[in-house]
Amino acid sequence: MPDFVCRLKRYRQLMDLTQEQLANQVGVRRETIMRLEKAQYNPSLKLAVDISRAVGTPIEEIFIFDLEEFNSRDTGEKNGEKN
Amino acid sequence: MKKNSTKITIFLGVICALITAGSSWYSVVFNDSRFVVPMDLSVYAFRMQDLPMIVSGILFALYILYLFAMLMRIIRIKKQNGASSRMTKRADPRLGLLGFFGFTGFLGFWTYQADKTVFPFVFFIFFGFFGFFYEGKLSATLMDERYCENKLKANYSANKAAMYIIFFATVFLGQGTLMGNLEYTFIAYIITVALAIALNLFLSSFLLYRYDHEELPKESEG
């Protein structure tokens with residue numbers, strides 16, 4: 001299961017788009033948008049960019065990855081490099 | 001295929017059949033049934049009366065080549081259309097019933113007893129056609145990136161399962177000592193490989209459907 005938070009639903013609703021309309025705009029099935037909104041599917045970079053353009057919001061605002069885990073990994077890597 | 005070319009193909013087929021029937025009749029009546037009944041071609045000597053059968057044979061071969069070329073052309077056109085449409089092909093889930101033809105594989109036990117023919121065991125592959133049931137359920141579906149990803153995943157799992165079976169069957173049956181009989185070992189190997197291929201065909205469709213429909217969110221539209 002992808003480890004991220006997806007705020008697509010909020011931005012889609014702000015743009016007054018249905019899942020079907022958004023799916024047609026970005027060339028995927030509605031089921032794919034449903035799974036994306038539930039963070040049950042990790043999209044490709046192209047799809048993420050297409051979605052961000054369709055809802056007029058930067059990608060990092062729509063898909064938020066676990067920052068704590070990201071920071072701990074980052075710190076671990078830096079420590080490893082030092083040693 | 002356009003209607004005109006269908007008509008031409010059928011017309012040519014009928015002409016070929018008529019020429020073959022006519023030359024066969026001629027051979028039976030006037031040429032001692034040469035080329036109609038099996039003959040030893042190693043001692044063959046040409047006769048003028050053989051000409052109708054030879055010509056009809058050549059025409060028949062050309063017709064088969066023509067059919068083959070037409071088939072290739074249709075496949076190529078369909079592939080081109082398929083690549084541009086991004087939709088899965090339309091298939092009726094009832095085609096899955098073709099899987100029952102897999103039971104014809106059991107005919108092999110009968111033919112082996114009768115005249116040592118083992119080919120019918122290959123028909124176990126037809127069990128794989130049960131996969132058409134799931135392929136039909138996914139017919140006319142947009143092949144977006146999630147579909148393609150699921151398809152790769154399903155094919156990978158199906159191939160892996162089939163390869164494991166074939167690998168272990170090869171190692172086990174390769175010793176050639178099943179019930180102390182090499183023929184039985186060969187038959188067991190044919191059956192195992194046929195079933196592994198059937199499993200591969202079935203699983204690739206079944207798993208694709210399962211991956212595509214698993215954990216479907218309850219919330220539908222927002």
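**Ground rules**

I note that this is a predicted model, where local features need pLDDT of at least 70 and side-chain atom pairs count only at pLDDT 80 or more, while totals for chains, interfaces and linings use all residues. Residues are numbered from 1 along each chain as its sequence is written, chains are lettered from A and ligands numbered from 1 in the order in which they are written, and side-chain values use heavy atoms, with hydrogens and water left out.

**Entry 1: chain A**

Chain A has six helices and two strands, and along the sequence they come as β-α-α-α-α-α-β-α.

Next I looked at burial, where buried means under 20% relative accessible area, exposed over 50%, and partly exposed in between (1.4 Å probe, protein chains only). Of the 83 residues in chain A, 36% are buried.

Is Arg29(A) buried or exposed? I found that Arg29(A) counts as buried because its relative accessibility is 9%. Arg29(A) sits in the loop between α2 (19–26) and α3 (30–37) of chain A. I also checked Arg29(A) against Gln19(A): they are ten residues apart along the chain, and their C-alpha atoms are separated by 9.0 Å.

**Entry 2: cysteines**

I looked up two cysteines anyway. Cys6(A) has a relative accessible area of 13%, so Cys6(A) is buried. Cys16(B) is at 8% relative accessibility and therefore counts as buried.

**Entry 3: chain B overall**

Chain B has six helices and zero strands, so I read its elements from the N terminus as α-α-α-α-α-α. Buried residues make up 29% of its 222 residues.

**Entry 4: helix α6 of chain B**

The expected span of a helix is 1.5 Å times one less than its number of residues. For the 32 residues of α6(B) (residues 182–213) that gives 46 Å, and the end C-alpha atoms are 46 Å apart, which agrees.

Where is the kink in α6(B) centred? I found the kink, about 25°, centred on Leu203(B). The bend at a residue is the angle between axes fitted to the seven residues ending there and the seven starting there.

At the start of α6(B), I noted that a side-chain oxygen of Asn181(B) comes to within 2.8 Å of the backbone nitrogen of Glu183(B).

**Entry 5: contacts across the sequence in chain B**

Ala158(B) lies in helix α5 of chain B. Its relative accessible area is 0%, so Ala158(B) is buried. Its C-alpha atom is separated by 4.9 Å from that of Asn200(B), 42 residues apart along the chain.

Ser5(B) lies in helix α1 of chain B and counts as buried because its relative accessibility is 18%.

I then checked Phe129(B), which is in the loop between α3 (107–115) and α4 (132–137) of chain B. At 25% relative accessibility, Phe129(B) counts as partly exposed. From C-alpha to C-alpha, Phe129(B) and Phe100(B) are 8.1 Å apart in space and 29 residues apart in sequence.

**Entry 6: positive phi**

I picked out two residues here. Phe35(B), which is not a glycine, has a positive phi near 70°. Phe35(B) lies in the loop between α1 (3–30) and α2 of chain B and is partly exposed, with a relative accessible area of 30%.

Lys116(B), also not a glycine, has a positive phi of about 65°. Lys116(B) is in the loop between α3 and α4 of chain B, and it counts as exposed because its relative accessibility is 53%.

**Entry 7: the largest pocket**

A pocket here is an open set of points on a 1 Å grid over the protein atoms alone, where a 1.4 Å probe fits, with protein on both sides within 12 Å along at least five of seven lines; lining residues have an atom within 4 Å of a point. The largest one has a volume of about 450 Å³, the volume being the space filled by probe spheres set on the points. It is lined by 17 residues, and the closest to its centre are Thr88(B), Lys89(B), Glu135(B), Met143(B) and Lys151(B).

Which helix gives the largest share of the lining? I found that α2(B) does, with four residues. I also noted that α2 (51–85), α5 (145–173) and α6 of chain B each supply at least two lining residues.

Terms used
Polar contact = N/O pair within 3.5 Å; in protein donor to acceptor, adjacent residues only side chain to side chain.
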